[in-house]
Amino acid sequence: MRLLARYSLILALLLLVTSVYIPIRYDTAYPKQVGPKLNNRIKMNYQDDIVREKAGLVMIGDSVLVLSIDANQLTKLTGVQTYSIGIPGSASAVWYLAMKNIIATSPYKPRSVLIVFRDTILTAPGYRVNGKYFTLVDELANTDDKLLIQKAFIQQMSPLEQWADRYLPLFGSRLRIRESVDYYIRYTFSSLVGCDQQCNDNANNAVFQGVNLDSNLLVDAIATAESYLYTPDQLDFSAQLDNSFLPEIVRMAKENNIQLILVRTKHLDSPTESAESAALKGYITSLKTYAKKNGVTVLDFAHDERLTPDLFVDSHHLSPAGTDVFTKMLSEALKPVLIK
Amino acid sequence: MSFTSLTFAVFCGAVLVVYWLVQKKSWQNVVLLVAGFIFYGWIHPWYLLLLGLSTILDYTLALGMSRLRRRARAFLIISLVVNLGVLVFFKYYNFFNTALAARLSFFGLNNDALLVSIALPAGLSFYTLKKLSYIIDNYRGTLKPVENFVDFALYVSFFPQIISGPIDRPQKLLPQMAVPRRWKMDFLTSAWPLIVMGFFKKLVIADTIKSIVDRVISLQSPSRLLVLVAALGFTLQILADFSAYTDISRGIASLFGFDTSENFRTPYLSKTPSEFWNRWHITLSNFLRDYIFFPLRRTLLRKRTLPSWFVAAAPPLLTMLVSGIWHGAGWTYLVWGLYYGVLIVVYQIAGVQGEWKLSGKLKNFLAWLLMFSLVVFGWLLFRAPSIAWVGKVLFVFPWITTNQDFIIILVILSMLIAYSLPLLAKLLLDRYFPANSWWHAIYFALITLFLIIYINSSNPDFIYFQF
């Protein structure tokens with residue numbers, strides 16, 4: 001009992017001290033707005049490229065887009081100038097921001113926007129927004145992106161977390177504090193041998209670059225990372241729709257007179273229709289119904305037999321030969337639907 | 001439902017309130033049993049069917065044993081076949097089905113159904129051992145069967161223990177379930193340090209170190225030194241992770257008025273493999289010792305025709321092999337188990353059994369260093385993606401490849417030192433200061449601060465970031 005009393009006393013004191021120090025250290029007033037603090041700088045090079053190239057078709061997606069579609073080849077095959085915003089590690093929050101802060105505000109608006117997605121990722125707003133993914137979000141966000149903060153962050157928090165984020169500086173600033181802790185732990189030791197942060201990061205990128213990874217282990221790891229997309233909650237399209245960025249993406253496309261095309265890619269976890277769970281089938285049917293109702297085109301390649309396993313480098317990403325095959329397939333599918 | 005989720009915190013809080021409100025022992029047990037079923041069936045309700053049916057079977061068989069002593073052996077065999085059959089089926093089906101399907105297709109027989117993966121019901125390995133110890137002790141006559149079904153079902157599905165133990169023996173838990181329990185502040189005072197420490201070890205140490213270990217293990221051809229630091233990392237990760245679960249489990253059990261078994265007693269300070277297993281996953285070690293090692297040894301000693309080396313070597317080898325198989329379906333686990341069996345035998349041959357008492361600090365240090373190195377190598381076997389990979393680490397991969405490799409090794413080492421310091425500090429505090437000292441209070445307050453920082457902040461170095 002004595003230990004509990006002493007512990008409570010010291011903890012209360014430490015919380016008090018941190019509650020005074022942290023707001024000063026990070027220049028944040030408490031109680032603060034729930035959610036992360038976003039900076040106001042938007043990476044505008046994408047918009048500059050769209051304007052310069054006068055892109056008629058803009059593609060948005062993650063590394064699957066980068067490794068599946070050759071924008072130059074697609075331009076030649078379709079006759080429509082195509083530009084790719086392929087951001088490895090991105091997901092629906094970043095795609096929504098690309099639509100809102102890059103495309104919708106662009107002085108030159110593309111006629112069509114194509115979003116490359118897999119399975120339930122379009123209605124998973126909290127997927128890939130924390131940790132280092134946050135940088136991707138922050139690069140395309142404004143400080144006043146309220147919908148982003150609401151759907152990607154606040155909505156994912158429990159009421160207790162929301163309370164702590166608002167009133168407890170130690171919790172509210174935990175990401176930044178953790179970054180500092182990690183920084184000292186990682187870089188102090190190697191700096192003793194003359195390797196600074198840049199040298200350290202280069203070493204990290206060189207040792208752990210994709211070609212050095214065991215492909216079988218990578219497949220397992222991807223499956224684990226993606227398992228979030230296949231939980232019962234995520235597979236319930238009607239429950240997730242209003243929480244997601246999809247209705248807003250659709251609205252912005254309509255408002256800006258942009259044709260929206262959703263391209264569902266294939267992956268080897270469920271390469272055939274029979275390998276796909278009933279819940280996922282139901283989800284995709286609902287998504288297609290919703291898209292049809294809203295004038296959105298869905299091109300579904302998830303079970304296309306032309307994409308054979310030998311065209312993949314892992315469960316999700318295509319090889320250069322696969323990129324060639326898929327770009328041609330996509331151009332064929334796009335020709336009848338694409339507005340020129 | 002994970003111990004570290006908010007859902008669990010709400011669930012546990014609600015159960016605690018109802019449990020202490022009902023006061024009457026029989027109702028308290030019902031509350032805990034229902035809570036156990038909700039906890040266990042939260043994600044996959046069908047797991048409850050397996051748990052419920054196997055509980056009813058063992059309850060009935062144990063009663064049958066006491067009433068029909070002549071049939072006791074038959075009842076024991078039924079229980080062993082069913083329990084071990086279910087365990088083997090769920091745990092090893094996926095290991096064998098692919099190979100079996102390939103063999104069938106070689107003979108022109110195609111059976112796609114074989115390729116369907118079967119999920120292992122969570123905690124099956126743990127509650128099966130609890131039930132087996134109950135049945136075997138009933139058969140041996142060292143335990144009387146429980147007449148009250150609720151008490152027995154609660155012993156099997158006690159929610160703080162059902163997923164990952166400790167594998168408490170019926171003699172430890174059943175008497176506690178049979179007596180009235182009234183709330184005492186002692187329950188809270190013994191629970192909170194365990195819970196705080198458990199959360200800290202899991203969320204701050206284990207989860208952080210995991211990302212580093214996973215990164216190195218996923219490399220096609222890492223250098224030996226990189227693998228060595230990853231093995232050290234896994235040594236820290238598995239202790240922090242598993243002992244965290246046990247701590248939280250014991251803390252929660254304590255809040256309900258139960259005293260459950262310790263599972264880890266500074267295992268990495270061991271100087272012999274036998275000592276290591278007396279300090280690591282103690283409840284499993286005790287199970288293996290009492291139900292496999294001793295009976296086997298007794299049986300072999302009775303057979304006077306067998307050579308003495310065989311009588312000495314077979315029990316540890318077989319016991320540790322079973323331990324390896326129990327830990328998982330894969331060659332790495334099997335070899336890991338066998339490795340410890342061989343180590344125990346080698347130490348026996350060298351005349352070292354149990355604890356190794358040496359005179360002089362240097363000798364003690366060297367004995368510890370040798371055992372710690374063997375433990376680290378054991379964890380490398382355990383964590384390796386395959387035995388072939390371990391072979392390459394030992395004989396093919398270079399010691400170091402580039403300067404960049406060296407930098408990464410330094411980074412990992414600095415992280416290992418930083419994240420093992422809190423455990424070392426706790427060890428020293430426990431050794432040199434009384435349990436309720438100010439130093440302990442400061443320590444727990446500081447780790448709570450770190451817990452708040454690390455909780456739900458996502459791993460900043462997520463391995464598949466680029467995907």
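A residue is termed buried if 20 or more other C-beta atoms lie within 10 Å of its own, exposed if 12 or fewer do, and partly exposed in between, with C-beta atoms placed from the backbone. The model is predicted: local features require pLDDT of at least 70 and side-chain atom pairs count only at pLDDT 80 or more, whereas totals for chains, interfaces and linings use all residues. Residues are numbered from 1 along each chain as its sequence is written, and chains are lettered from A and ligands numbered from 1 in the order in which they are written.

**Stop 1: helix H5 of chain A**

Select residues 92-103 of chain A, which form helix H5. Helices (H or I, at least four residues) and strands (E, at least two) are DSSP runs, numbered from the N terminus. In H5(A), 12 of the 12 residues are buried, so the helix is largely enclosed by the rest of the structure. Among these buried residues are A:Trp95, A:Tyr96, A:Lys100 and A:Asn101.

**Stop 2: backbone features of chain A**

Move to the loop between H1 and helix H2 (45-53) of chain A, where A:Pro31 is placed. A cis peptide bond, with omega of about 0°, joins A:Tyr30 to A:Pro31. A:Asp27 is found in the loop between H1 and H2 of chain A. Its phi is near 55°, a positive value in a residue other than glycine. A:Asp27 counts as exposed because it has 7 C-beta neighbours inside 10 Å.

Next select A:Arg128, in the loop between strand S3 (112-117) and helix H6 (133-140) of chain A. A:Arg128 is not a glycine, yet has a positive phi of about 60°. Is A:Arg128 buried or exposed? A:Arg128 is buried, as 27 other C-beta atoms lie within 10 Å.

**Stop 3: the contact between the chains**

Display both chains. The contact takes 49 residues from chain A and 43 residues from chain B; two residues are in contact if their C-beta atoms, placed from the backbone, lie within 7 Å. On the side of chain A that touches chain B, the elements giving two or more residues include helix H1 (2-25), helix H10 (174-191) and helix H12 (215-226) of chain A. Which helix gives the largest share of that side? H10(A) does, with 11 residues. By class, the side of chain A that touches chain B has 28 nonpolar, 11 polar and 10 charged residues. Here Ala, Val, Leu, Ile, Met, Phe, Trp, Tyr, Cys and Pro count as nonpolar, Asp, Glu, Lys and Arg as charged, and the others, Gly among them, as polar.

**Stop 4: chain B as a whole**

Chain B contains 17 helices and zero strands. Its C-alpha trace spans about 70 × 60 × 60 Å along the principal axes. Buried residues make up 40% of the 467 residues in chain B. Of the contacts in chain B with a separation of 6 or more, 71% are between residues 24 or more positions apart.

**Stop 5: helix pairs in chain B**

Select residues 185-217 (H8) and 224-255 (H9) of chain B, whose axes are 6 Å apart and pack at an angle of about 155°. Axes are lines fitted to C-alpha atoms, for helices over the stretch in contact, and angles run from 0 to 180 degrees between N-to-C directions. That angle makes H8(B) roughly antiparallel to H9(B); angles under 35 degrees count as roughly parallel, over 145 as roughly antiparallel, 65 to 115 as roughly perpendicular and the rest as oblique.

Then select H2 (residues 25-41) of chain B together with H6(B); the two axes come within 9 Å and cross at roughly 45°. These helices are therefore oblique to each other. Residues of H2(B), including B:Leu32 and B:Leu33, meet residues of H6(B), including B:Ala153 and B:Leu154. By class, this contact of H2(B) with H6(B) has six nonpolar, two polar and one charged residues.

**Stop 6: two residues in chain B**

Select B:Tyr59 in helix H3 (residues 47-67) of chain B. B:Tyr59 is buried, with 23 other C-beta atoms within 10 Å. Leaving aside neighbours within four places in sequence, B:Tyr59 is in contact with B:Phe149 and B:Phe152.

Finish at B:Pro166, in the loop between helix H6 (149-156) and helix H7 (170-178) of chain B. B:Gly165 and B:Pro166 are joined by a cis peptide bond, with omega of about 5°.
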